[in-house]
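Biologist: I would like to learn how to read the features of a structure that is new to me. Could we go through it step by step?

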Amino acid sequence: MVIRKGNFKNSAKANTMMPRQETTLEWIAGHAGVKRLCRIAGIAAFILIGYSVVTMILLVTIGTQPLTVEECFAMLQENKLVGLLRLDILTVIFIPLYYVLFAGLYFGLKESNRGITTLSVIMVFIGVTLFLATPSVFSWLYLSNRYAGAVTPEEQRRLIAAGEVLFASDMWHGTGAIVGSILTQLGGIFISWVMLKSAVFSKLTAYTGLVTHGVDFLHIFAGFIFPAASTLLMAVAGPLYLLWFFLVGRKLLQIGKGKARLLR
């Protein structure tokens, strides 16, 4: 049997250029634990859709975060459930799902660009941790209960002063929360850029992620200078998150079930 030199070279070249993403899908298919993680990450994405929808409804129906310490205390004393919701208890409960979501994305994208994928996941993990580490709804609940039980004006003034300190360092104003949000959005931008180079995730998913996290990133800085523009940017990013979570969640479920195929 005679093998032509040109054909041999072409065959070797084709084997060398086999998409590494295909190897990734085959590797995931052979590891039950990773498949399970991808399925859980896909479910987490759909849970985040529900969280986002509920949050948008609550912003319209019961309002945003209080603007003063006294308003926080009065709100929690008048209706504790409404107060907890306005103080973003749902965010504290559901934002840890980002850990699961980005862990799943790591396995789906690591062969496209291992360095950038790893960096983006680390940034999101650090960002979410910083955000959760800042004083939040439970700190407000503690001070509110103390304020309600205060028997002297002096004690009430001390608790209001403590509330002012908390107000300056909480999940909307604190340095840790702001830095955490910036890192999380940068991680989302980077991992969406990796998706552009990937044959596993669609271009639509990649571009949606770039726009969504890019707009949310701008919204953080706009809040310091143009609060009205910041609100507008968040109104744009909100619906885009629903689409991005859906696209990412669907693909992760396909990967977890061994049904994902290369798109290009």
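This is a predicted model: local features need pLDDT of at least 70, side-chain atom pairs count only at pLDDT 80 or more; totals for chains, interfaces and linings use all residues.

Biologist: Which ring pairs with that of Trp140, and is the pair stacked or edge-to-face?

Modeller: A pair of aromatic rings is described by the distance of the centres and the angle of the planes. A search of the whole structure gives twelve aromatic pairs. In one of them, the partner of Trp140 is Phe73: the ring centres are 6.2 Å apart and the planes stand at 70°, so the pair is edge-to-face. Phe73 belongs to helix 4 and Trp140 to helix 9 (residues 137-149), so this pair links distant parts of the chain, 67 residues apart. Phe73 is buried too, with a relative accessible area of 1%.

Biologist: What angle do the planes of Tyr98 and Phe102 make?

Modeller: Their planes are at 15° and their centres 5.9 Å apart, so this pair is stacked. Tyr98 and Phe102 are about one helical turn from each other, because they are four residues apart in helix 7 (residues 97-109). Tyr98 is buried at 6% relative accessible area, and Phe102 is buried at 0%. Ring pairs also join Tyr98 and Phe102 with Tyr241, Trp244 and Phe245 in a cluster.

Biologist: Which residues touch the most other members of the largest nonpolar core?

Modeller: The general idea is that in soluble globular proteins, nonpolar side chains tend to be buried together. Here the largest nonpolar core has 56 residues, and those touching the most other members are Tyr98, Leu101, Phe102, Leu105 and Trp140. Helix 3 (residues 32-61) gives the most to this core, with eight residues. Leaving out residues up to four places away in sequence, Tyr98 has contacts with Leu48, Val124, Phe125, Val128, Thr184, Tyr241 and Phe245.

Biologist: How many salt bridges does the structure hold?

Modeller: For a salt bridge, look for a side-chain nitrogen of Lys or Arg within 4 Å of a carboxyl oxygen of Asp or Glu. The structure holds two. One joins the side chains of Glu71 and Arg86, with 3.3 Å from N to O. Glu71 is in helix 4 (residues 69-78) and Arg86 in helix 5 (residues 80-86), 15 residues apart. Glu71 is partly exposed at 29% relative accessibility, whereas Arg86 is buried at 16%. Another salt bridge is formed by Glu154 and Arg157, at 2.7 Å from N to O. These two are three residues apart in helix 10 (residues 153-169), so about one helical turn separates them. Glu154 is partly exposed, with a relative accessible area of 40%.

Biologist: Where is Ala168, and is Ala168 buried or exposed?

Modeller: Ala168 is in helix 10 and counts as exposed, at 52% relative accessibility. Its contacts include His173 and Gly174, not counting residues up to four places away in sequence. Pro135 is 33 residues from Ala168 in sequence, and their C-alpha atoms are 9.7 Å apart.

Biologist: What does the UniProt annotation "transmembrane region" cover?

Modeller: An annotation comes from a record, and can be set beside the model. The unreviewed UniProt entry gives this annotation to residues 40-64, 84-109, 121-143, 171-194, 206-226 and 232-253. In the model, residues 171-194 are 83% helix and 0% strand, with end C-alpha atoms 29 Å apart. Residues 206-226 are 95% helix and 0% strand, and their end C-alpha atoms lie 28 Å apart.

How values were computed
Residues are numbered from 1 along each chain as its sequence is written. Side-chain values use heavy atoms; hydrogens and water are left out. Buried means under 20% relative accessible area, exposed over 50%, partly exposed in between (1.4 Å probe, protein chains only). UniProt positions are given in the numbering used here, feature names are shortened, and annotations may be inferred rather than shown by experiment. Contact means heavy atoms within 4.5 Å. A nonpolar core is a set of buried Ala, Val, Leu, Ile, Met, Phe, Trp, Tyr and Cys residues joined through side-chain atoms within 4.5 Å. Rings of Phe, Tyr and Trp (its six-membered ring) pair if their centres lie within 6.5 Å; planes under 30 degrees apart count as stacked, over 60 as edge-to-face and the rest as tilted.
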